[in-house]
Amino acid sequence: MKNLPRFRPYAVLGLGFLSVFTFLLMLRLGVLEPKGKGGPSLSFTLPSGPNREIWMQIFQHDRRIGYAHRQFFEMADGFRVQETVSLRMNILGLVQDLRFRMTGDLNHRLGLSGFDFELQSGLVRFRARGGVQGRTLAVSCGPTGSEEYLQIPLDREVHLPVGLLESLKPATMRVGDRRSFEVFDPLTLSRRSVRLTVVAEETIEVMDRREKAKKVSVDWMGSPQVAWIGEDGSILREEGSLGLRLERTTREEAIQGGGLSLPLDLAEVASVPVSRVLPEPSSLNLLRIRLEGIEAPRFFLHGGRQAFRNGILTVRREDLLRPPPNQEREGGGDLKDFLKPSPFIQSDHPEILAQARAILSQEDSDLEKGRKLVLWVHQNIRRQPVFSIPNALETLRKRVGDCNEHAVLLAALARAAGLPAEVEAGLVYQNGRFYYHAWNVLYLGRWVTADATLNQLPADVTHLRFVRGAARQIDLAGMIGKIRLTILE
């Protein structure tokens, strides 16, 4: 591992990368709900040839980093799809092997009956399972013994369109045809929209032969991805952000294939360079930056210490000595909403409550509570990238994690102590670049930024907030590779 500055921020790419990277796989394995939105619509059919399998190699630019294996079975009461993905990832010099598996059970209309998703990374394991019960999708998620249970209402039959891309009818596809969907993402337990558009007809080389294909654009949260579908309906190639692509191959080549390469460092690849050096970011009281290349209305740029006007973002450091206003509600929502437990922020769990009591004293002011909690998380959670779903309870137990784990644990401890808290995410500066990062906001008479990874309360002004809420972090995916920053003041 290369030498890293002690407090270097750990990129928030863990969750975002997994969702972006696996999304073309999720299109074949996610919970999708089709709804046309005008214009020529793509038509679908059942995948031809039941009980078949497909192998794909996974590359990052020209580096082979893994493979995907998909199987489709015809069952007595419908269909079953199984897909296993094995890949190698590198964030800030830490290389880990990941493996995730999805099984989906479908009825004869390809409507979802149940799914089982599992992610394994080193010692970390995440699992989400669900089944349709009437007009409800019942989901359990989290580590064994610490599962959380959710009831997701359905207003129509939910689909898991096995081989969504492969279910397209190539013979009827015309350039300009399109279709939109709502997606349930098992990684974030949220619904998202995706749009498929046929953009071209091309001939590409796959497995040492030339193949005619329809090129389909997959637009998901502003993160464009592309797939090429062969004349027989099979997927030939898929390309996503961060230089990632999947290519059709044989079983032997997928499993053996000469071994895996060292992946490029995702934090470095996704970071945003700036031409101006900030020698002491923690000493700044104001930062003014021009933002370009993104759809600003999609993000939470204006509110609290941040002001966004005419493409210019101004961030001012909070003054903890200034008397708080009578009311401050930037970002919306009642303060009670920021005290409640939520998926993976288990502020009502006995272990979280006990730890909060052990850190704090009854006579502590809100500001003293915030400082003690930030310092405790900073000193007791070993800073190391973790390729999984951030979980406050698991972080407390294992005492290791990147900025995501620090943020969800601080949010849980703060809520347990009666301090409204939420996770924020965006970019933070270091050594001439801005890195994707997660931190917190605590309500201490006003909303104040807090970064347990860097032991900052308030956080320095180079923390550029784009989203608030742990589930919203994935929205940053649409920024990667697009955003441009110019430091003005």
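1. C141 is buried, because its relative accessibility is 0%; buried means under 20% relative accessible area, exposed over 50%, and partly exposed in between (1.4 Å probe, protein chains only). C403 also counts as buried, with a relative accessible area of 0%. The disulfide count is 0, where a disulfide is a pair of cysteine sulfur atoms within 2.5 Å.

2. On the basis of these values: this is a predicted model, where local features need pLDDT of at least 70, side-chain atom pairs count only at pLDDT 80 or more, and totals for chains, interfaces and linings use all residues. Residues are numbered from 1 along each chain as its sequence is written, and side-chain values use heavy atoms, with hydrogens and water left out.

3. The largest nonpolar core has 105 residues. Such a core is a set of buried Ala, Val, Leu, Ile, Met, Phe, Trp, Tyr and Cys residues joined through side-chain atoms within 4.5 Å. L427, F434, L464, F466 and L485 have the most contacts inside it. Helix 7 (residues 403-416) gives the most to this core, with 9 residues. Helices (H or I, at least four residues) and strands (E, at least two) are DSSP runs, numbered from the N terminus.

4. L485 deserves a look. Not counting residues up to four places away in sequence, L485 touches V272, P273, V274, I289, R290, L291, L427, F434 and L464. Contact here means heavy atoms within 4.5 Å. A second, separate core has 6 residues, including I204, V206, V226 and W228.

5. Next, the backbone. Most residues other than glycine have a negative phi, and most peptide bonds are trans. L457 and P458 are joined by a cis peptide bond, with omega about 0°. P458 sits in the loop between strand 24 (447-450) and strand 25 (464-468). N455 is found in the loop between strand 24 and strand 25. N455 is not a glycine, yet has a positive phi of about 55°. N455 is partly exposed, because its relative accessibility is 34%.

6. H61 is not a glycine either, and has a positive phi of about 55°. Its place is the loop between strand 2 (52-60) and strand 3 (63-75). H61 counts as partly exposed, at 40% relative accessibility.

7. G122 lies in the loop between strand 6 (112-121) and strand 7 (124-133). At 53% relative accessibility, G122 is exposed. Leaving aside neighbours within four places in sequence, G122 is in contact with Q96 and D97. The C-alpha atoms of G122 and F387 are separated by 8.5 Å, with the two residues 265 residues apart along the chain.
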